[in-house]
Amino acid sequence: MSDNNKNPEEKENSLHDSIPVTGMYKDWFLDYASYVILERAVPAIEDGLKPVQRRILHAMKEMDDGRFNKVANIIGQSMQYHPHGDASIGDAIVNLGQKDLLIETQGNWGDIRTGDGAAAARYIEARLSKFALEVVFNPQTTEWQLSYDGRKREPVTLPVKFPLLLAQGVEGIAVGLSTKILPHNFIELIEGSIRVLNGEKTNILPDFPTGGLADFSEYNEGLRGGRIKVRARIEEEDNKTLLIKDIPFGTTTNSLIESIIKANDKGKIKIKKVVDNTAKDVEILIQLAPGQSPDMTIDALYAFTDCEVSISPNACVIIEEKPIFLTVNEILEYNTKQTKKLLKSELEIRKGELMEKLLFSSLEKIFIENRIYRDIEECETWEAVIQTIDKGLDPFKPEFYRDITTEDIVRLTEIKIKRISKFDAFKADELMRKLQEELKEVNYNLKHLTEYAIKYYENLLNKYGKGRERKTEIRTFDTIEATVVAANNAKLYVNRADGFVGYGLKKDEFICDCSDLDDIIVIRKDGKCVVTKIQEKGFVGKDIIHVAVFRKGDERMVYNLIYLDGGSGKAMVKRFQVLAVTRDREYDLTKGTKGSKILYLTANPNGEAEIITVYLTQGAKARIKVFDFEFSTIEIKGRSAGGNILTKYPVRKIQLKMEGVSTLGGLDIYYDNSIGRLNTDQRGRKIGNFLGEDRIIVFYKNGDYELTTFELTNRYESNSVVLIEKFDTQKVYSIIYYDGVSKNHFVKRFLIETTTLNKKFNVVSDHKQSQLLIVSSDKQPQVKVLLAKGKEQEEVEYDLDMLIDVKGWKAIGNKLSSHKVLEIKLLDSISQKEGGEENSSEGNEEDIEIGSTVEFKIKKDDEEEQLGLF
């Protein structure tokens, strides 16, 4: 009936029955939000699974017969429990299969590294892994509920005896809530669970299937607000080629290459070509443009491409149907305690089963050996049979752990005559003895539950830990300044008279190459200084006398300035630095008085102090009208300093008489082994004080050495560096190395004869197992060697300078000993004992102190051969 046909009373009643839209929205929205959080997006802490994943695993368990099943069939089976479309179930199965833990796969399941998708569900197959069958399922300890349509029974949560949530990781977006728990290492999780059981604290860190490098210093235990930096593993194949071996988690080779091409198109990096050679292993080859530094390009790749990504974790789980935020260590502790509880339940269930088996075995033996079955031959009713057997068991009832029930007696009546006739008392006693031994073991495990849980985890580690070692290397990253590593993709021009600067003034004066990220510093004749962002064309004021790219915090750049003070008429001189400024703000380099102007200015990138000749005007009253001045006689101060009086007489002109030398001295360079970078911030070990032409020498474990500059952008593989120090052409280097060809240790001493920069030269034999063990540049290096002489061991000390003469760096050297070398220690040199400078190395300086002992092994075929210690 339409509203027009309703009488007034009916209309009034319908108005009373209506619900306000605001109330409907509030209730329905909360219901929807709760449903999405609990049933779609956020995993339960008990098993670490979302409902769709749990239903898939339950369906696969029902189908399990040890053989592979078509994924299309698994999807159909799962739809009996999951009230959504097949597409979402199929995606969830593929996601589980790619994690390579619970599901064994067959067919094309895609590749998380390349982003390739899986084949259609009808073409791929899956089955539960042995690990899943052992760890995830147990119907006896599972809590069950009806499926959505009431036809089937499904688990509320699966009784997982392992921190599955942390092992697989999870990501989900709900209404007003999200979760992101990163995957962790299988072995480290088990070791962490054992530490929890021992009452120790844990600190687990993510491990990504794509490998790479990661900085977890801001991980914050996986809570909201934390952050992880993940980098691709980039290696320098040669001076013109870079290789990407691992990619950051969450990226693919395709997306990574696209980001590299995009950065190249924008001019942030300069490369010739990118080739994707990924097959079994990731390999992306990057060919550099001519003249590009590999180290600078690696930094630029991290700064401008997906070679470095930032991941923000947000650990949120469902506990008692509520979303709760926990740290990953708290989740691990919860899962470990849950595993212990489940193990206890399984033991108690097994104890009950064993006691029941013992009870019935005893009843059966009594029933047969005492011939109680013959007493029932004359019974005419079923009740009489039960009563007769019960009466025959009366003398033995005190020995049983519980009362004998009618069900027990019924089971005795079901024993077949054949079994009674062939009953073997000895076998029955042997069976009960085994049951009692197992029961004793179960009781022991219940009393020592923690010990039992630890053994359970150790068994998992032994069975399934092989091949699951950490893939992501834990590192501490340095901060990369984008403006420092950006490729020069623009040219800086200036129109001094009109006051314009920029990269679009191509008809005006060229200054230098630059990047579109750079700031530029401008100094005008009126004594004003301004730092501004480079642009296509920008006005900075007329009469420009200096313009250059500005490097914030550059303490080596010193400006030498002479200006006329408009207030007093005196010529003032000063040396100053411009370290930090506010962009687009004008600063006075003079006293700021009207009529002040700059007479002379030089910018000196290494603090040089020149000598100038000052000419006074002919009308000046000074006796000496021409004189020299050395800038090195005055101190370096801030930009706002007024300066010293050069002369109170008018100046006609100023000329450069002699180029200056640096007054700042050398630059103290430090090496931070944790990140493999040089710095001037006193982080790590001091390498030395460097001037312009000084060089650094680096020795690597594979026997290579190279000479480099002391540029702070240089990169060194810290895990491979044996020695890094300031290079001295007069130093003799003594090394001990293991020869992979002859399986012997050799010693040699040599001078560095090469001068080529950034080119590696090998000083050991060309064999993959050859390894550089000890390097020393001491004049009198000493080592202690432990030798195996038959069944005896003997320690011998060698002075390497007495053991062998100085030869060429290509020489093989002399055999260290005819006996097997068990251990080598580099001793404190004579110069060190007398308080001299350290210049020897056994491995990485921060990790291994001189005189320490570190065992090393090299794997040959299927066995490990112990080579020595360094």
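Mentor: Helices here are DSSP runs of H or I with at least four residues, numbered from the N terminus. Keep in mind that this is a predicted model.
Trainee: Okay, so where do Lys337 and Glu333 lie?
Mentor: Both sit in helix α11, four residues apart, which is about one turn of the helix.
Trainee: Switching topic, which residue does Glu346 form a salt bridge with?
Mentor: With Lys161, and the closest N and O atoms are 3.1 Å apart. That pair links distant parts of the chain: Glu346 is in helix α11 (residues 328-369), while Lys161 is in the loop between β5 (153-157) and α7 (164-168), 185 residues apart.
Trainee: How accessible is Lys161?
Mentor: Lys161 is buried, at 3% relative accessible area. Glu346 is partly exposed at 22%.
Trainee: What about Arg350, which partner does it have in a salt bridge?
Mentor: Glu438, with the closest N and O atoms 2.8 Å apart. Here too, distant parts of the chain are linked: Arg350 belongs to helix α11 and Glu438 to helix α16 (residues 425-447), 88 residues apart. Arg350 is partly exposed at 24% relative accessibility, and Glu438 is partly exposed at 28%.
Trainee: Last one: how many salt bridges does the count come to?
Mentor: The count is 48 salt bridges.

Key. Residues are numbered from 1 along each chain as its sequence is written. This is a predicted model: local features need pLDDT of at least 70, side-chain atom pairs count only at pLDDT 80 or more; totals for chains, interfaces and linings use all residues. Side-chain values use heavy atoms; hydrogens and water are left out. A salt bridge is a side-chain nitrogen of Lys or Arg within 4 Å of a carboxyl oxygen of Asp or Glu. Helices (H or I, at least four residues) and strands (E, at least two) are DSSP runs, numbered from the N terminus. Buried means under 20% relative accessible area, exposed over 50%, partly exposed in between (1.4 Å probe, protein chains only).
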